[in-house]
Amino acid sequence: MQRSSWTRPTAKTMRDMLHIGAPIFAELFLVSLFVMVDTALLKPCGTTAIAAVGLTAEPINVLEFLFFAVQTAVIARMARASAKNDRNAIHAIIRGYLKLTLASAALLAVLTGVFAVPFLTLFGGTADTLPIAVPYFQISLLAFVCRRMYGAMATILKGLDKPQWSFLLNLIANGINIVGDVVLINGYGPFPKLGALGAAVATVSGCAVGLLCAVVVMRDQLRAREIRIPLSDWLRSTWRETRAICTEALPMAGEKVMIRLGIFLSITRIAALGTTAFAAYRILISLQNFAYLGAEAVATTALIFLSKAYANHDRKAAQDAFSAAMVYGLAFSSLCAVLFFAVPGFLMSCYSDDPQVLSEGVRILRIIFLYQPFQAVALIYASGMRSCRRAGIPSIITTVGIVLVRPSLVYLLAGPLGVCGAWIAIMTDEIVRCVLLFALRGKMWRQFTDAPTPSLAVV
């Protein structure tokens, strides 16, 4: 294939990607709402409560990062198996993935719940924030287990080209969470006023209902494809498939470890700037996550299309899907950039009334709008490489950017420039990663050109 990866995408590919990608974006947005809504609705509780709940977001992300790596590998494997209509492979992937997810999530929840105080202290917990953050975090761990299980089922549904069900599951869970937040944080009706603890209880309730619904939906979707998994099969060993999933996820897992390490190194420096500065940083992260999740939805959709093209040796379809993903990714990231630059005051006021927090946030939003398109392009190139089993390339590049470039610049710039300096460091990291992935794009397309015929054992 030619080095240039751009062609004019067909109208059919654009429609197909929108059909698959819109529910994925809605799902990712709804997932992000758990922390965003908790943060926004805690506004009357003050800056300390916002900072405390924001403090727990990063540790929960640390717990979830390996699951996201496995999720990406499973989406690719399910897409390849679905393209070949290999029911045995689908059967094995589902059993191995769900058992791995349940065992891992339960173990991590127990360990971090017992050691919640030192765990949160590692991420910048202080005497002001820990009394609120620790009980909130411990209750939220129940939601973590439920969310990871119904998230695993949603991943399976994506691989079966049914992302709309994943969206509906998250819509139900978030609806319950939002209503619960309003009622339990403020103490409406017969319910006591629980503040931050009420937000955690509402999240657990929403995730538990989401899990129950996911079980029913997945069972029905598998039956529609004439895939039945008897109880006896769940008791059988799934070591071979679990090992295959973990092997494919290993480069991405290493990447996620490096991401968390880089963020940890950065966040400890930012937390030292004070409660107000840290609250501003967490609000900006919530806003930035919206832009990131849109680009991630496009990248995930590209992963599904490109994995199928790789399995079917269809180079033209791969290039068409990649170009369509670029159109959607750049359009969405440009829209977010315009909003960050044009209405930063309104966006910040949704989270806080603190004049210092608002002033800092408005100034920074008018800087970070610059790197939004770079972030989208980098995510799409990374998905393209993962679809054709070249996940090591984006993993190495991410490690260089987020472990070396970002923390070094945060420690260099946060002192004289405060939170603004930290975001300049983040922007530099994102742009450097985009440039490196773009420079190595030829390795991805050569892999599509020389794609071997995949056997059923490695689908």
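Arginine 390 is found in the loop that runs between α14 (372-387) and α15 (392-417), where helices (H or I, at least four residues) and strands (E, at least two) are DSSP runs numbered from the N terminus. This is a predicted model, in which local features need pLDDT of at least 70 and side-chain atom pairs count only at pLDDT 80 or more, whereas totals for chains, interfaces and linings use all residues. Residues are numbered from 1 along each chain as its sequence is written, and side-chain values use heavy atoms, with hydrogens and water left out.

**Arginine 390**

- Arginine 390 counts as partly exposed because its relative accessibility is 29%; buried means under 20% relative accessible area, exposed over 50%, and partly exposed in between (1.4 Å probe, protein chains only).
- From C-alpha to C-alpha, arginine 390 and alanine 11 are 28 Å apart in space, while in sequence they are 379 residues apart.

**Cysteines**

- The count of disulfides comes to zero, a disulfide being a pair of cysteine sulfur atoms within 2.5 Å.
- Cysteine 207 is in no disulfide, and the nearest cysteine sulfur, that of cysteine 146, is 6.4 Å away; cysteine 207 also counts as buried, at 0% relative accessibility.
- For cysteine 434, the closest cysteine sulfur is in cysteine 336, and the 16 Å between the two sulfurs is too far for a bond; with a relative accessible area of 7%, cysteine 434 is buried.

**Helix packing**

- Two packed helices are described by the angle between their axes and by the distance between the axes; here axes are lines fitted to C-alpha atoms, for helices over the stretch in contact, and angles run from 0 to 180 degrees between N-to-C directions.
- The axes of helix α2 (residues 47-83) and helix α3 (residues 87-114) come within 11 Å and cross at roughly 175 degrees, which makes α2 roughly antiparallel to α3. Angles under 35 degrees count as roughly parallel, over 145 as roughly antiparallel, 65 to 115 as roughly perpendicular and the rest as oblique.
- On the α2 side of this contact (heavy atoms within 4.5 Å) the residues include Leu63, Phe67, Val70 and Arg77, and those they meet in α3 include Ile90, Tyr97, Leu100 and Leu108.
- The residues of the contact of α2 with α3 divide into 13 nonpolar, five polar and one charged, where Ala, Val, Leu, Ile, Met, Phe, Trp, Tyr, Cys and Pro count as nonpolar, Asp, Glu, Lys and Arg as charged, and the others, Gly among them, as polar.
- The axes of α9 and α15 come within 8 Å and cross at roughly 5 degrees, and these helices are therefore roughly parallel to each other.
- In the contact of α9 with α15 there are 15 nonpolar, eight polar and three charged residues.

**Salt bridges**

- The structure holds nine salt bridges, each defined as a side-chain nitrogen of Lys or Arg within 4 Å of a carboxyl oxygen of Asp or Glu.
- One of these joins the side chains of arginine 77 and glutamate 248, at 3.2 Å from N to O. Because arginine 77 lies in helix α2 and glutamate 248 in helix α9 (residues 239-271), the pair ties together parts that are 171 residues apart in sequence.
- Both partners lie below the burial cut-off, since arginine 77 counts as buried at 4% relative accessibility and glutamate 248 counts as buried at 14%.
- Arginine 219 forms a salt bridge with aspartate 220, the closest N and O atoms being 3.4 Å apart; arginine 219 is partly exposed, with a relative accessible area of 41%, and aspartate 220 is partly exposed at 37%.

**Arginine 406 and its network**

- In the salt bridge between aspartate 429 and arginine 406, the closest N and O atoms are 2.9 Å apart. Aspartate 429 lies in helix α16 (residues 419-439) and arginine 406 in helix α15, so the pair ties together parts that are 23 residues apart in sequence.
- Arg406, Asp429, Glu430 and Arg433 are linked in a network of salt bridges.
- Arginine 406 counts as buried, at 8% relative accessibility, and leaving aside neighbours within four places in sequence, arginine 406 is in contact with residues including Ile263, Ser266, Ala425 and Ile426.

**Serine 307**

- Serine 307 is found in helix α10 (residues 275-311) and counts as buried, with 0% relative accessibility.
- Not counting residues up to four places away in sequence, serine 307 touches Ala76, Ala79, Arg80 and Ser387.
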